[in-house]
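Welcome, and thanks for taking a look at this one. Below is a short briefing to read alongside the model.

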Amino acid sequence: MEDRHRSGCPINLTLEVLGDRWSLIVIRDIMFGDRRHFRELLSRSHERIASNILSDRLKRLMDAGLLTKRDDPSHRQKAIYSLTEAAIQLVPLLVHMGAWGRRHRPVTPELAIRAKLLEEGGSPLWEAFMEELRSLHLGAPVKGPSVLAGLQDAYEKVAAEQGIPTL
């Protein structure tokens, strides 16, 4: 065990990487919002992360092996952020967090719909979503219909019913 960790407890070690206010929000936005550029992550987040905080979290997540960064071939000054396999394996954790939040916190319908669909879809839907993320972020072959498109469609439908513009 390295001295820089408080302990070797798996929960502690996970919280050392993901336990701040913004890291899981950044992963969520890349994972569910398909936001791959800094500007998209900055301007399209409901939580309004500050640019210096976003820059810091992206660096931390790359250092932790949860994100990679490569140059965007369409624009010299842009970079594309991608999830790693370790980040993709956070899907079940995020599903459980969303399910807990839906039961115990005052969620809004349009922001809760993805969590509801993923919870109700169970592990087969999570696995299909993880396979799609592997295709989008790791270049794995595409398998089956797009879970991400279905989640986005559900979000847009509920947002429209609520009269809320989508990001």
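What follows is a brief tour, from the whole chain down to single residues.

This is a predicted model. Its chain comes to 8 helices and 2 strands, arranged along the sequence as α-α-α-α-β-β-α-α-α-α. The radius of gyration is 16 Å, close to the 15 Å that the globule rule gives for 167 residues, so the chain is as compact as a globular protein of that length.

**Overall build and confidence**

- Along its principal axes, the C-alpha trace spans about 50 × 40 × 35 Å.
- Of the 167 residues in the chain, 38% count as buried.
- Among contacts with a sequence separation of 6 or more, 51% come from residues 24 or more positions apart.
- Confidence averages a pLDDT of 92 over the chain, and 98% of the residues score at least 70.
- The highest confidence belongs to helix α5 (residues 85-88), at 98, while the lowest is found in α8, at a mean of 90.

**Helix α6 against helix α7**

- How are two packed helices described? They are described by the angle between their axes and the distance between those axes.
- Helix α6 (residues 91-104) packs on helix α7 (residues 109-138) at an angle of about 175 degrees, and their axes are 9 Å apart.
- With that angle, which is over the 145 degrees needed, α6 is roughly antiparallel to α7.
- On the α6 side, the contact is made by Val 91, Pro 92, Val 95, His 96, Gly 98, Ala 99, Arg 102 and Arg 103.
- On the α7 side, these meet Ala 112, Ala 115, Lys 116, Leu 118, Glu 119, Trp 126, Phe 129, Met 130 and Leu 133.
- By type, the residues of the α6 contact with α7 divide into 11 nonpolar, 2 polar and 4 charged.
- Trp 100 also lies in helix α6, and it is partly exposed, with a relative accessible area of 47%.

**Helix α2 against α4**

- α2 and α4 pack at an angle of about 80 degrees, with axes 10 Å apart.
- The two helices are therefore roughly perpendicular to each other, as angles of 65 to 115 degrees count as such.
- Ser 23, Val 26 and Ile 27 of α2 make the contact with Leu 54, Arg 57, Leu 58 and Leu 61 of α4.
- The residues in the contact of α2 with α4 divide into 5 nonpolar, 1 polar and 1 charged.

- Phe 38 lies in helix α3.
- Is Phe 38 buried, partly exposed or exposed? At 24% relative accessibility, Phe 38 counts as partly exposed, since buried would require under 20%.
- Setting aside neighbours within four places in sequence, Phe 38 is in contact with Ser 51, Leu 54, Ser 55, Leu 58 and Tyr 81.
- Phe 38 and Leu 54 are 16 residues apart along the chain, and their C-alpha atoms are separated by 8.0 Å.

**Positive phi in loops**

- Which place does Asp 34 have in the chain? Asp 34 is in the loop between α2 (23-33) and α3 (38-43).
- The phi of Asp 34 is near 50 degrees, a positive value in a residue other than glycine.
- Asp 34 is partly exposed, at a relative accessible area of 34%.
- Arg 48 is in the loop between α3 and α4 (51-63).
- Although Arg 48 is not a glycine, it has a positive phi of about 60 degrees.
- Arg 48 is exposed, with a relative accessible area of 72%.

**The loop between α7 and α8**

- Pro 141 lies in the loop between α7 and α8 (147-162), and at 59% relative accessibility it counts as exposed.
- Pro 141 and Ser 123 are 18 residues apart in sequence and 20 Å apart in space, C-alpha to C-alpha.
- Lys 143 also has its place in the loop between α7 and α8, and Lys 143 is exposed, with a relative accessible area of 56%.
- Between Lys 143 and Leu 94, 49 residues apart in sequence, the C-alpha to C-alpha distance is 22 Å.

Technical notes. Residues are numbered from 1 along each chain as its sequence is written. This is a predicted model: local features need pLDDT of at least 70, side-chain atom pairs count only at pLDDT 80 or more; totals for chains, interfaces and linings use all residues. Side-chain values use heavy atoms; hydrogens and water are left out. Axes are lines fitted to C-alpha atoms, for helices over the stretch in contact, and angles run from 0 to 180 degrees between N-to-C directions. Helices (H or I, at least four residues) and strands (E, at least two) are DSSP runs, numbered from the N terminus. Angles under 35 degrees count as roughly parallel, over 145 as roughly antiparallel, 65 to 115 as roughly perpendicular and the rest as oblique. Contact means heavy atoms within 4.5 Å. Ala, Val, Leu, Ile, Met, Phe, Trp, Tyr, Cys and Pro count as nonpolar, Asp, Glu, Lys and Arg as charged, and the others, Gly among them, as polar. Buried means under 20% relative accessible area, exposed over 50%, partly exposed in between (1.4 Å probe, protein chains only). pLDDT is the predictor's confidence in each residue, from 0 to 100. The radius of gyration is taken over C-alpha atoms; the globule rule is 2.2 Å times the number of residues to the power 0.38.
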